[in-house]
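Colleague: I would like to learn how to read aromatic pairs and nonpolar cores in a model such as this one. Could we go through them together?

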Amino acid sequence: MTEIADKLVKQGIYQYQNNQFESALECWQKALAIYQKISNRRKQGAALGNIGVAYEALSNYQLAIESYQQHLNIAREIKDREGEAKALGNLGNAYYFLENYQQAIKYQQQHLAITEETLDEFAIQEACSSLGIAYHGLGEFSLAQQYYQRQLAIAKKIDNFTSQGDALFNLRLVYESMGDRRKVEELKHQQIAIAKELLSKQFGNNFTEIAQTVALNFTEDFAGSDLSGIDLQYTNFVGANLQKTNFSNANLTLADLSGANLSGANLSQANLCNTNLRDAKLLGANLAGADLRTKLPRADMSNANLSSADLSSAYLPNAKLVNVDLSNASLENADLSRVNLSGANLRGANLKRADLKEAILEKAIFGENQGISENKRQELVAGGAFFEV
């Protein structure tokens with residue numbers, strides 16, 4: 001019978017991990033009935049803990065608390081300190097979700113005391129994190145900060161990068177509540193430094209996954225950051241705020257930057273081949289020497305530096321390139337139809353087979369260009385362009 005119950009527990013875990021919470025609950029309730037029948041108190045307690053977790057996932061916090069309390073009673077009865085610590089931690093978390101922060105703190109303090117007694121550093125981190133969250137909920141910012149700092153110190157000691165990211169993110173929330181933007185930025189850059197360290201140590205080659213591991217938000221957290229030289233292939237930066245971010249020499253091949261704000265960003269020598277830059281804002285960005293063989297329809301690149309950039313076969317219909325520097329850039333086979341090139345510098349640009357149909361060329365400067373026939377030259381001048389002798 002024990003074997004049958006154990007299989008039900010494992011089945012429930014699989015179902016829970018696949019978000020089948022009601023099915024998991026049913027399996028664990030059946031397992032509990034068997035453990036009660038054979039009087040296995042330790043496994044009864046563990047099953048009750050699992051049942052509580054299922055109820056919590058179903059947002060039934062009252063029944064979750066009842067299950068955790070039963071687990072706690074059994075653990076204390078049989079002197080199962082590990083089970084007692086888990087039950088206390090679960091009770092604290094459930095009361096937090098009910099916004100009963102005082103009760104949450106009461107149970108988390110007991111949880112922490114046992115983990116300190118058993119010298120379980122991983123569990124100490126969890127208890128400190130939960131206490132920080134509860135004290136933050138109460139508006140006790142100083143105490144929240146202390147517990148997060150302790151979590152961070154232990155996480156660094158045992159190389160738990162996920163916990164480090166979690167602690168830094170929660171510290172950011174505390175300082176944000178306190179109105180300390182300077183400290184918020186400092187902590188954010190510490191998270192980014194950890195992500196870059198993990199990438200350099202080859203803990204993974206997917207920067208998206210690594211960044212998420214350390215609790216970074218791709219939409220908000222990278223503005224003004226130094227991501228130079230990093231492999232960012234396939235990274236999802238859709239709609240992200242990336243103003244003044246340093247991407248120099250970064251590999252952004254096949255990354256999705258559609259709708260992203262890259263105004264003032266440094267993308268010099270970056271590889272943006274086949275990057276999605278639809279509707280991106282690149283005002284004043286430095287793209288000197290960048291590989292831009294990609295699609296940029298409706299992108300706003302006004303006042304950007306694109307000198308010596310490779311835009312061969314690039315697709316730019318309706319893009320805005322007002323006052324842009326395209327000197328010595330390669331625009332061979334590029335689609336520049338309906339592009340606004342007012343005031344642009346195209347000296348030395350390669351324009352072989354470039355499509356400039358309906359392009360706005362008022363005060364655009366040309367000179368020493370490849371691919372411009374005399375007839376094309378006259379056509380461009382008629383459109384407002386200026387050719388240097």
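Colleague: How many aromatic pairs does the structure hold, and how is such a pair described?

Modeller: In general, two numbers describe a pair of aromatic rings, the distance of the centres and the angle of the planes. This model, which is predicted, holds 14 aromatic pairs. One of them joins Tyr95 and Tyr107, which are stacked, with 5.7 Å centre to centre and 5 degrees between the planes. The pair links distant parts of the chain, since Tyr95 belongs to helix H5 (residues 81-97) and Tyr107 to helix H6 (residues 101-118), twelve residues apart. Tyr95 and Tyr107 are both buried.

Colleague: What kind of pair do Phe237 and Phe247 form?

Modeller: Phe237 and Phe247 form an edge-to-face pair, with 6.0 Å centre to centre and 70 degrees between the planes. Both residues lie in the loop between helix H11 (207-213) and strand S1 (345-347), so the pair ties together parts that are ten residues apart in sequence.

Colleague: Which residues of the largest nonpolar core touch the most other members?

Modeller: The general idea is that nonpolar side chains tend to be buried together in soluble globular proteins. Here the largest nonpolar core has 119 residues, of which Leu287, Leu292 and Met301 touch the most other members. Helix H2 (residues 21-37) gives the most to this core, namely eight residues. Leaving aside residues up to four places away in sequence, the contacts of Leu287 include Leu267, Leu272, Leu282, Leu292 and Met301, and also Ser268 and Asn305.

Note on methods
Residues are numbered from 1 along each chain as its sequence is written. This is a predicted model: local features need pLDDT of at least 70, side-chain atom pairs count only at pLDDT 80 or more; totals for chains, interfaces and linings use all residues. Side-chain values use heavy atoms; hydrogens and water are left out. A nonpolar core is a set of buried Ala, Val, Leu, Ile, Met, Phe, Trp, Tyr and Cys residues joined through side-chain atoms within 4.5 Å. Buried means under 20% relative accessible area, exposed over 50%, partly exposed in between (1.4 Å probe, protein chains only). Helices (H or I, at least four residues) and strands (E, at least two) are DSSP runs, numbered from the N terminus. Contact means heavy atoms within 4.5 Å. Rings of Phe, Tyr and Trp (its six-membered ring) pair if their centres lie within 6.5 Å; planes under 30 degrees apart count as stacked, over 60 as edge-to-face and the rest as tilted.
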